[in-house]
Every structure is written in structure tokens, then in C-alpha cells.
Amino acid sequence: MRDELHPKGFELVTVALDTGGPEHVRRWIEAAEPTHPSLIDAAHELDAKLGVVNVPTGVWIDEEGRIVRPPEHAEVQRSMFHDMDVPEDLDDRLKAMLLAVKRIPHDPELRYVAALRDWVEHGAASRYALGPEEVVARSRGRSPEHARAAACFELGQHLWRDGDRDAALPWFREAHRLHPDNWTYKRQCWEFVSPMMQGPSEEFEGDWLSDIEAMGPERYYEAPSLD
Amino acid sequence: MLLTSPALEPARLRQEWGWELKPEGLCRADVCVPLPSEARLADGTLDAQVVADRLAMPLVRDEAHDLWALGPEGGGRALHSADMPQVVLPDLDGNPFDLATLHGQKVLLVAWASW
């Protein structure tokens, strides 16, 4: 998609929210062999600056550096999980995780991509390109607690990356407590102590499966309003 | 924004959060927030706690490590305007990339994770 749209004045920028830094994300990026800028946001700065709380999240920025669509769930490819059968002999936890993933809403028509193409074609005349007031109105609310969570996460990731993991933990936990809907803060941390499964740990409250079942997978992503 | 002391460089505040220090106070677009005289320190830096209080930004201190984190504004929305904030992030090789260099193109920024 990117290479097809690039000659029309479009560029894709991918940002990996990964406190593990380049070494953790290298094999993923290299496997993709990207022709576009592929960046790493170890501090989850995009959460603080734009209101990102989950992935994948997309933001549209026009030629003058104005945001024309604020952070939204960006479904840019079909998820294989939705069509996948659930193997009977799968481990119980994995089976429950797969069943939860299947309940996350998805759009087989990939209307987000169709909207993107419309914008690339028609620019500001596209009905999917929003005016500045609408962009602000649609951006996430940020309470003082959410703001403080960002500061706490920033301290935590700095200490973690500096090698002082014990000192990082209370800051991460505080970020989770202050902003429980922020999945990037939680999943990043669960991944550190329980890679791939993001299961229960001594270090952190909750785990991916329990938390998504408590919220209801149907609410995991807010579908973008593409009218 | 990480600080190693409770003093804030005006240039960093401008680059990261768009607030510009003027005689009237800290200004961004049409808004100016007055600063008390004690906010301006002798060496040209700003008292981070005073700035944080005036701008509704949390200032969180890690005493054991002499570190402070100044977080985003709270009590409103994640975006105060449609102007894309400054974002400079490294690529795999550690080279910083400034999103603003893409002006002139339409950009889809996608935040993702391997987790």
C-alpha cells in the first residue's frame, strides 16, 4: 500500500512503542524490509503527545503538518485470528486468549484503508479529512491522573532502560493505577515479565487475558467514525 | 520530559510542548499564561514546579535518583490544537528522525508494537 501511494505524495511512518528499544524490535522491522521511516518510541512519547493508548493506532498529518485525523484504531490489514479455527487441543489459556481476540471488533472491508486512499486522492476535499476543531474534539480526554501516569511511565522506562529494574517497577505500577485504560503502558510491562503470553506476574497487577475479559473484548478498540 | 534538576530550559519547553517564553509569560497560539517573577531563575531557566502548576502539567519526582518527569497537560484533551507536535524519534540505527521533515507529503503515522 505504501509503495503504491508514495508517488501520489503519501508517506507511511511506523513507530514501535517499545521500551525494549532497537534490539527488541530489530528483527520485526528488518523482516518487514520497510521503504518508509520506521522509528522506535521507547518512552511511549506518543501517548503523552497525542493520546495514544493502544496499538495499532493511526494519525493522519497533512502536507503542512496539521493533524487531519487524531489517533484512532487503524485497521490496515486483516487479522488472521478472526478467520482462524480454535484448535481443540490448544492450551487453556491460549484458547481463552484466542477466543477473546476473536471477540475484538474488526472490519473485513478495511474501511480505514479505503478512507486513507480517498484522502490521498482528494486531500482536504476528502470527507475523511477533518477540520482542526473536529480533530481536537475527537482526541482523547486526558485527566490529571492520566497526565501523571505519563510522567510516571517516563520515569519507569528511563530507570528500566538504565538497568535499574527494581526502581522502575513502582513507577510502572503507578502509571497503570492512574491510567487503567492505557493498554500500551500495561502490555509493555506484562511483556517484560511474561513475554508473548502477557500473563499474571508478581511484579504487576492484572494480565492481558483477565483485563480484556473484565473490560469486554468488544470494547478493546473504539472503531473510528468514518461517516 | 525528563529533568535532572527542577529547572527547565525554555528552549526545551518550546520544542517539546510548544510553549514560548515571552515577557507576558508562556505563550502558545492565542494563549499566554502569566508567570510570577519567581518562576524565572537567574541563569535563564524556569522553576519547573511553578511552570508545572501554571500549565496544569504534573511534575513527578524520583528522589532516590535525582530525576523529575514533567508530564503533559491534564484536565483537557490530549490534543490542544490540530498542529502536529514535535516528534523526533530514532530509527533502528539510533539516527534521530524528525517527522517535520515530511512536510509536503501526506503522512499516516502508525503506532504499533510486537507485543
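## Close-up views of a predicted two-chain model

Figure 1. Although B:Asp66 is not a glycine, its phi is positive, at about 50°.

**Figure 2. Chain B as a whole is built from 2 helices and 12 strands.** Read from the N terminus, its elements follow the order β-β-α-β-β-β-β-α-β-β-β-β-β-β. Along the principal axes, the C-alpha atoms of chain B take up a box of roughly 45 × 40 × 30 Å. Chain B has 115 residues, and 49% of them count as buried. Looking at its contacts with a separation of 6 or more, 35% come from residues 24 or more positions apart.

**Figure 3. An open sheet of 5 strands takes strands from chain A and chain B.** If you trace the sheet across, the order is β2(A)-β1(A)-β12(B)-β3(A)-β4(A), with mixed pairing. The edges belong to β2 (38-41) and β4 (67-73) of chain A; each has a single partner strand, so one side of each has no neighbour in the sheet. On average, and ignoring direction, neighbouring strands of this sheet are turned by 20° against each other. Helix α2 (residues 21-32) of chain A lies across β1 (10-17) and β2 of chain A together with β12 of chain B. Relative to β2(A), this helix runs at about 150°.

**Figure 4. Strand β12 (residues 106-112) of chain B pairs with β3 (residues 57-61) of chain A in the antiparallel sense and with β1(A) in the parallel sense.** The antiparallel pairing with β3(A) extends over 5 bridges, and here A:Thr57 stands opposite B:Ala111. The parallel pairing with β1(A) has 7 bridges; in it, B:Lys106 is the bridge partner of A:Phe10.

**Figure 5. All 8 of the 8 residues of β1(A) are buried, so the strand is largely enclosed by the rest of the structure.** In β2(A), A:Leu39 is the bridge partner of A:Val15.

**Figure 6. Of the 12 aromatic pairs in the structure, this view shows A:Trp60 and A:Trp119 stacked.** Their centres are 4.9 Å apart, with 15° between the planes. The pair links distant parts of the chain, as A:Trp60 belongs to strand β3 and A:Trp119 to helix α6 (residues 111-122), 59 residues apart. Both A:Trp60 and A:Trp119 are buried. For comparison, the rings of A:Tyr220 and A:Tyr221 have a centre distance of 4.8 Å and planes at 55°, so this pair is tilted. Both of these tyrosines, A:Tyr220 and A:Tyr221, are buried too.

**Figure 7. Two charged side chains sit over tryptophan rings, with A:Arg69 over A:Trp60 and A:Lys186 over A:Trp183.** The charged end of A:Arg69 is 5.5 Å from the ring centre of A:Trp60. For A:Lys186, the charged end is 5.9 Å from the centre of the A:Trp183 ring.

**Figure 8. Helix α8 (residues 144-161) of chain A has 18 residues and spans 26 Å from its first C-alpha to its last.** That span is close to the 26 Å expected at 1.5 Å a residue. Among the buried residues of α8(A) are A:Ala147, A:Cys152, A:Glu154, A:Gln157 and A:Leu159. The buried residues A:Phe153 and A:Trp160 also lie in this helix. Ring pairs link A:Phe153 and A:Trp160 into a cluster with A:Phe172, A:Tyr185, A:Phe192 and A:Phe204. After the helix comes A:Gly163, with a positive phi near 95°.

Figure 9. A:Pro56 is found in the loop between α3 (45-50) and β3. With a relative accessible area of 18%, A:Leu110 is buried.

Methods:
Residues numbered from 1 in each chain as written. Chains lettered and ligands numbered in written order. Predicted model: local features only at pLDDT ≥ 70, side-chain atom pairs only at ≥ 80, totals over all residues. Heavy atoms only, no water. Pairing = 2+ DSSP bridges. Helix = DSSP H or I, 4+ residues; strand = E, 2+ residues; numbered from the N terminus. Axes fitted to C-alpha atoms, helices over the stretch in contact; angles between N-to-C directions. Contact = heavy atoms within 4.5 Å. Phe/Tyr/Trp six-rings, centres within 6.5 Å; stacked < 30°, edge-to-face > 60°. Buried < 20%, exposed > 50% of the residue type's maximum accessible area, 1.4 Å probe, protein only. Lys NZ or Arg CZ within 6 Å of the ring centre and 35° of its normal. Expected span 1.5 Å × (residues − 1).
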